[in-house]
Amino acid sequence: MAVDLLDSKLLEKYSRLILVKDIGVNGLLKIKKLRVAVVGCGATGSHVVDMLARIGVGYIRVIDSDFVDVSNVYRMSLVNEDDVKKALPKAVACAERAQEVNSDVRVEPVIDRVEPENVLDLLSGVDLVFDGTDNITTRLIINEASVEKGFPWVFIGIEGWYANVMLIEPGKSACFSCLIPRPPLREQVNVCDILGVFPSVVSIASSIAVNIAIRHLLGLGDYAGKLYVVNGTDVSIETLDIVRRKDCPICVKHQYNYIMKPRERKWHVRVVCGTNAVEIVPPEDISLDLSQIAKVHKDKVEAQNPYLVKLKESSLKIVLLRNGKAIVDGTTDTSTAFKVYREVLSRAGIRMPYIM
Ligand SMILES: [Zn+2]
């Protein structure tokens, strides 16, 4: 009997979940074995992680390279103002809080950003991926990884009072590229709009995503390829069937635009879309001694935790991660940002392993 596999404490803990039609003890046992990844832990990602942890999804990988900012708190779940003061990475703050919510589950934070070079590794070994990102390019990268590796994923897009949600089952349903073949022009030229989102719409869209994902994984219905369109002004959800394109270069022809290319060994120094900040990513991870950097720059340290150190450098602020990635806030001049980065490391006696 399946019940024998659960002890009485677990039966009590999930008693109302087990009572739900189609879930039961067998459903709970399946949920506890599920492994999922959440790419991006902002508004939608944090709500998804919160729900998945509460219902006991066995393993949740939370991937995000950003840290909690004061403007994030109103729309996120699982984070608070103390996380802002500590400049905690979003992945760490959400994972720690979700782990406190439910000690049965394993929540692994990954402080990284999904790129063509790392997407296959970051999204390996999971049953399903949730999209918690805020741009089309990253979704197209996830989509190619999904087609290549065969895992389903759920697209969640939000703007203001409106949201779109779609479960994609590669090889069976329309893929994301069938729906949106390429990034909008503004993303191609690295100009993006800062979009507002209303938290209740975030909550509705995240709930639809978890709803269809769990039902799909438990074999309780066919949701792939249906686009759920949420309108928070007249409070409605419309469902559109998205048709798979017969000539889709991604899910039909497997002609990828992002993944499976030779890795370029170069520094990425780019303006973070819609902000006054520059992101610096080394060709490969550098192991930085953050305490040494903080010691040398002790008068400039604004925040320090095991994952990052935040320094004030004249009119700029620089956040350095353990793997050598950095955000320089206060400029959109990539040369200035990289110069400051090199100087900060150089003062701490860290030689740059690669020259730009
Ligand atoms: Zn397609």
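The questions and answers below concern a predicted model.

Student: In which order do the strands of the open sheet of eight strands lie?

Tutor: The pairing in this open sheet is mixed. Its eight strands are arranged in the order 3-2-1-4-5-6-7-8.

Student: Why is one side of strand 3 and of strand 8 left without a neighbour in the sheet?

Tutor: Strand 3 covers residues 106–110 and strand 8 covers residues 236–241.

Student: Which residue of strand 4 stands opposite Val36?

Tutor: Strand 1 (residues 35–39) and strand 4 (residues 128–131) run parallel and are joined by four bridges. Across this pair, the residue opposite Val36 is Leu128.

Student: At about what angle to strand 4 does helix 8 run?

Tutor: Helix 8 (residues 136–149) lies across strand 1, strand 4, strand 5 and strand 6. Angles are taken between N-to-C directions on a scale from 0 to 180 degrees. Relative to strand 4, helix 8 runs at about 170°.

Student: Which elements are included in what covers the buried residues of helix 6?

Tutor: Helix 6 (residues 90–101) has 12 residues. Its buried residues include Ala91, Cys94 and Ala95, and these three are also among the contacts of Val62. The cover over the buried residues of helix 6 includes helix 4, strand 2, helix 5 and strand 3.

Student: Which residue in strand 13 is the bridge partner of Lys310?

Tutor: Strand 12 (residues 308–313) pairs with strand 11 in the antiparallel sense over four bridges, and there Lys310 is the bridge partner of Ala303. Strand 12 is also joined to strand 13 (residues 316–321), by six bridges, and these two strands run antiparallel. In strand 13, the partner of Lys310 is Val319.

Student: Which residue takes a positive phi in the hairpin of strand 12 and strand 13?

Tutor: This hairpin has two residues between its strands. The residue with a positive phi, near 45°, is Ser314.

Notes. Residues numbered from 1 in each chain as written. Predicted model: local features only at pLDDT ≥ 70, side-chain atom pairs only at ≥ 80, totals over all residues. Pairing = 2+ DSSP bridges. Contact = placed C-beta atoms within 7 Å. Expected span 1.5 Å × (residues − 1). Buried ≥ 20, exposed ≤ 12 C-beta atoms within 10 Å, placed from the backbone. Lists of a residue's contacts leave out its neighbours within four places in sequence.
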